[in-house]
Amino acid sequence: MTQDLDTLLTALYVKIDDTIRTPRWRGRPPLLTDSELVCLAVAQVLLGARSEAHWIRYARIHLAGMFPYLPQRSGYNKRLRAALPLIKKAIRDLARDSDFWFDNHWIVDSTPIPCGMSRPTVQRSDLAGWAGYGYCASHSRFFWGLRLYLVCTPTGMPILWALANPKIGEREVLAAMLDVEAGVVAEHDGILLISDKGFASKPFERQLAEQGIELLRPSRKREKARYGEPMLKKVRQLIESVNDTLKGQLDLEQHGGRTFAGVAVRVAQRLLAMAAAIWHNNKTGAPVTRSLIAYDH
């Protein structure tokens with residue numbers, strides 16, 4: 001197998017078509033199948049097309065051989081928002097089909113997802129009630145939007161993810177994620193969860209221990225140096241590089257979503273694109289599993 005966009009989309013189409021059982025449609029089935037829709041969404045993100053109208057026009061010219069039928073922009077947008085459960089399942093299926101699913105070293109972090117830059121936008125937005133004000137310590141700035149919580153392997157393969165209001169505590173969100181995905185946690189023995197100081201709490205660590213998870217984090221001020229702390233600096237660079245891939249190469253902060261469903265599916269699009277690239281690189285034996293260079297042009 002070669003590493004280019006056409007090969008990736010072909011392999012992804014076969015994988016999705018084999019693993020996802022779509023329900024029967026009443027009446028005439030859609031001309032663009034669900035498997036083609038997901039592949040089209042991945043191609044959009046990898047090629048950096050932020051505008052759906054521009055993307056449909058581009059795809060009609062350059063991707064007509066792979067996608068014989070393409071809907072109008074409004075139809076594509078509706079199909080894409082309705083396909084969120086499908087995209088989430090595809091992310092999980094790709095993770096399970098890679099070698100990284102058996103890695104019991106997980107990294108957790110949260111990153112801002114800005115959804116508005118002005119006060120009038122905040123007041124009129126359909127995201128009111130979901131989004132909120134938060135503070136990004138790494139950039140020393142406030143933002144209005146959501147936070148993406150990502151639990152991934154050191155290679156960047158997504159295992160768990162969620163969107164939450166920035167005002168909700170990090171430990172509270174992570175605990176809810178692990179409770180909802182208790183079956184995934186049970187599949188892995190001896191999980192080592194690597195985090196930053198924001199997840200520090202003795203009751204929280206005891207709660208994780210009951211689930212068979214050991215928390216590795218930096219020590220806080222006036223706290224005795226913790227076991228394994230010297231290795232954390234290199235490991236923390238991994239999650240920062242994963243966030244850089246999502247924001248720098250996949251335009252996570254320029255998602256363009258104006259409703260909760262719109263933001264959720266656009267974030268899922270980018271996670272799926274990264275998971276698909278990691279999965280394909282793993283299958284083809286690429287030296288750098290999270291490299292997107294072969295697919296972004």
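Modeller: In this predicted model, a residue is called buried when its relative accessible area is under 20% and exposed when that area is over 50%, while anything in between counts as partly exposed.

Colleague: What makes Trp130 partly exposed?

Modeller: Trp130 has a relative accessible area of 47%, and because exposed requires over 50%, Trp130 remains partly exposed.

Colleague: Why is the pair of Trp130 and Phe260 called stacked?

Modeller: The structure holds three aromatic pairs, and in the one made by Trp130 and Phe260 the ring centres are 4.1 Å apart with the planes at 20°. Ring centres must lie within 6.5 Å for a pair, and planes under 30 degrees apart count as stacked, so the rings of Trp130 and Phe260 form a stacked pair.

Colleague: How do you know that this pair links distant parts of the chain?

Modeller: Trp130 sits in the loop between α6 (119-124) and β2, whereas Phe260 belongs to helix α11, and the two are 130 residues apart.

Colleague: Why is Thr245 called buried?

Modeller: Thr245, which is part of helix α10, has a relative accessible area of 4%, and as buried means under 20%, Thr245 is therefore buried. If its neighbours within four places in sequence are left aside, Thr245 is in contact with Leu250, Met274, Arg290 and Leu292.

Colleague: What makes Ala164 a buried or an exposed residue?

Modeller: Ala164 lies in strand β4 and has a relative accessible area of 10%, so, with buried set at under 20%, Ala164 counts as buried. Apart from neighbours within four places in sequence, the contacts of Ala164 are Leu146, Arg147, Tyr149 and Val173. Ala164 and His188 are 24 residues apart in sequence, and their C-alpha atoms are 25 Å apart in space.

Colleague: Which domains does the protein have, and how many residues of each are in contact with the other?

Modeller: The domain assignment gives domain 1 (1-101 + 257-296) and domain 2 (103-254). Taken over C-alpha atoms, the centres of domain 1 and domain 2 are 25 Å apart. Contact means heavy atoms within 4.5 Å, and by that rule 31 residues of domain 1 are in contact with 33 residues of domain 2.

Colleague: Where does the largest pocket lie, and how do you know?

Modeller: Both domain 1 and domain 2 give residues to the lining of the largest pocket, so the pocket lies between them. The volume of the largest pocket is about 420 Å³, and among its 17 lining residues, Lys88, Trp161, Ala162, Leu163 and Glu181 lie nearest the centre. At least two lining residues each come from α5 (84-96), β4 (158-164), α7 (170-180) and α11 (260-284), with β4 giving the most, namely six.

Colleague: How many residues of each class line the largest pocket?

Modeller: The lining of the largest pocket has 14 nonpolar and three charged residues, and no polar ones.

Colleague: Which residues and elements line the second largest pocket?

Modeller: The second largest pocket, with a volume of about 320 Å³, is lined by 17 residues, of which Asp109, Ser110, Cys136, Ser138 and Glu240 are the closest to its centre. Two or more residues of that lining come from each of β1 (105-116), β2 (132-136) and α10 (232-249), and α10 supplies the largest share, five residues. By class, the lining of the second largest pocket has four nonpolar, five polar and eight charged residues.

Colleague: What makes a space a cavity rather than a pocket, and how many cavities of 30 Å³ or more are there?

Modeller: A cavity is a set of points where a 1.4 Å probe fits but cannot get out, whereas a pocket is an open set, and the count comes to two cavities of 30 Å³ or more. The largest cavity holds about 60 Å³, and its lining includes Gln44, Val45, His255 and Arg266. Helices α2 (34-46) and α11 each supply at least two residues of that lining, the largest share being the three residues from α11. The second largest cavity holds about 30 Å³, and among the residues that line it are Gly48, Leu250 and Asp251.

Notes: Residues numbered from 1 in each chain as written. Predicted model: local features only at pLDDT ≥ 70, side-chain atom pairs only at ≥ 80, totals over all residues. Heavy atoms only, no water. 1 Å grid on protein atoms, 1.4 Å probe; cavity = no way out; pocket = protein on both sides within 12 Å on 5 of 7 lines; lining within 4 Å. Points joined across faces, edges and corners; volume = space filled by probe spheres on them. Helix = DSSP H or I, 4+ residues; strand = E, 2+ residues; numbered from the N terminus. Nonpolar A, V, L, I, M, F, W, Y, C, P; charged D, E, K, R; others polar. Domains from an automatic or database assignment. Phe/Tyr/Trp six-rings, centres within 6.5 Å; stacked < 30°, edge-to-face > 60°. Buried < 20%, exposed > 50% of the residue type's maximum accessible area, 1.4 Å probe, protein only.
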